[in-house]
Amino acid sequence: MTETPAARAAALRQGGDRGEQSSVPQAAALREGGDRDEKDSIALYVHWPYCARICPYCDFNVVRDRGRTQEQAELTQAILNDLEAQAALVGPRALASIFFGGGTPSLMPPDAVAAVVERARALFPPSGDIEISLEANPTDAEAGRYAALAQAGINRLSMGVQSFDDAALKFLGRDHSAAEARRAIALAGRAFPRLSIDLIYARPGQGVANWTAELTTALDLGFEHISPYQLTIEGTTAFGRAVARGAWAPPDEDLAAALYEATQATLEAAGFEAYEVSNHARDVAARSSHNLHVWRGGDYLGLGPGAHGRMTLAEGRVATVAARRIGDYVAGVAAGSPWAEREVLEPQDADEERVLLGLRTVEGVPLALLQRLGLSAVEGRLADLLADGFLSLKDGRIAATATGRPLLDAVLKSLLV
């Protein structure tokens with residue numbers, strides 16, 4: 001090796017963001033160690049793009065939810081028609097999971113949610129109980145819909161609380177207060193068997209002590225799954241523009257690292273495992289089976305404007321991206337062409353994507369997958385990362401270590417040059 005471990009660590013820090021900043025597009029039976037072939041099952045991601053307001057940090061495909069009743073009815077029908085068409089393409093499969101994301105899918109009419117769930121179950125009969133998740137904002141108005149959403153088939157609620165501090169919620173542009181969040185959590189606990197919470201840290205002025213207190217609040221409220229995300233500044237967002245003009249600055253690298261380390265220590269002490277870079281679960285059953293299905297390379301259909309999908313067809317692994325504009329998506333479904341992009345991935349590209357996703361998880365990926373990419377545990381880039389402690393090799397699997405996980409984006413860039 002021509003570089004020392006310290007020098008390579010410095011290069012990795014410069015080469016990419018902290019691992020927990022990344023996001024992915026978002027199997028009933030969870031097994032530790034994973035990597036079973038999931039191609040015989042299919043998951044669904046349903047994108048509902050409507051929001052009561054647009055958060056200043058958000059760069060997702062969203063629109064304001066104002067006077068769009070007819071449009072929403074048309075979109076619901078388009079999603080159902082798209083589901084039928086894509087089901088015909090992939091053929092008989094067992095339904096692995098459904099995830100309603102957005103946007104704010106807790107604004108979706110419960111009867112529309114029920115229609116999608118019912119149609120999915122009919123097209124892809126599940127082999128047993130499956131996870132059906134929905135992202136929700138904890139406003140009083142939306143919390144009043146929780147019982148109806150549970151009746152529609154939702155059994156796991158992912159709550160976008162983001163903070164328990166009112167000043168922080170105002171800064172983040174959220175439309176709920178800390179008190180509303182607590183009321184919504186209490187209602188959700190009575191309506192759904194499984195609850196997850198999203199929290200945002202590395203906010204301006206935030207210190208380790210108050211962040212640890214917020215994590216402790218989430219633990220005290222009984223959440224079994226916690227997704228803490230470091231605030232990411234995207235150039236196209238209101239936050240991105242504010243930072244560019246010098247209105248405020250995110251925490252420096254040292255403080256961000258301290259906040260990350262406090263996250264790991266606090267949740268680990270409470271019995272949570274970081275089974276993925278930004279996802280912590282109290283036990284194996286509390287993990288998100290939908291996200292694991294995606295991270296393990298399973299097939300999933302993307303439904304709704306801007307939704308991504310992956311399908312294994314006779315021609316190979318097919319990546320799809322639906323038209324982003326609602327009108328274009330509805331018209332595209334009617335015309336039989338809902339996708340703005342459709343690409344048959346080269347085998348190497350499909351393998352690299354599997355590595356990018358799989359190394360986010362504690363179970364990692366098979367060494368054989370990396371060997372197909374020409375990487376060796378004995379010499380070269382992979383061997384260097386193993387020797388320097390960023391990756392580990394155990395029982396034929398490569399996984400990121402505690403040292404490598406905070407630098408995962410950079411580790412991946414070094415590995416998959």
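Predicted model: local features only at pLDDT ≥ 70, side-chain atom pairs only at ≥ 80, totals over all residues.
**Salt bridges.** I looked up the count, and it comes to 15 salt bridges. I then went through some of them. Arg 119 pairs with Glu 84, with the closest N and O atoms 3.1 Å apart. Arg 119 sits in helix H3 and Glu 84 in helix H2, so I noted a link between distant parts of the chain, 35 residues apart. Arg 119 is partly exposed at 27% relative accessibility, and Glu 84 is partly exposed at 34%.

Arg 156 forms a salt bridge with Glu 131, the closest N and O atoms being 3.9 Å apart. I placed Arg 156 in strand S6 and Glu 131 in strand S5, 25 residues apart. Both residues of this pair, Arg 156 and Glu 131, are buried.

Glu 224 bridges to Arg 194, with closest N and O atoms at 2.8 Å. Glu 224 lies in the loop between helix H8 and strand S8, and Arg 194 lies in strand S7, so the pair ties together parts 30 residues apart in sequence. Glu 224 is buried at 16% relative accessible area, whereas Arg 194 is partly exposed at 29%.

I also found a salt-bridge network that links Arg 93, Asp 299 and Arg 317.

**Negative patch.** Glu 341, Glu 343, Glu 346 and Asp 349 form a negative surface patch. I traced Glu 343 to strand S14. Its relative accessibility is 44%, so I logged Glu 343 as partly exposed.

**Three-stranded sheet.** I read the strand order as S15-S17-S16, an open sheet with antiparallel pairing. S15 and S16 stand at the edges with a single partner strand each, so one side of each has no neighbour in the sheet. S15 and S17 pair over two bridges. Val 365 has Ile 398 in S17 as its bridge partner.

Methods. Residues numbered from 1 in each chain as written. Heavy atoms only, no water. Patch = residues over 30% accessible without salt bridge, like charges linked within 9 Å, V, L, I, M, F, W, Y side chains within 5 Å. Areas by Shrake-Rupley, 256 points an atom, 1.4 Å probe, with all protein chains shown as cover. Salt bridge = Lys/Arg side-chain N within 4 Å of Asp/Glu carboxyl O. Lys, Arg positive; Asp, Glu negative; His and termini not counted. Charge placed at Lys NZ, Arg CZ, Asp CG, Glu CD. Helix = DSSP H or I, 4+ residues; strand = E, 2+ residues; numbered from the N terminus. Buried < 20%, exposed > 50% of the residue type's maximum accessible area, 1.4 Å probe, protein only. Pairing = 2+ DSSP bridges.
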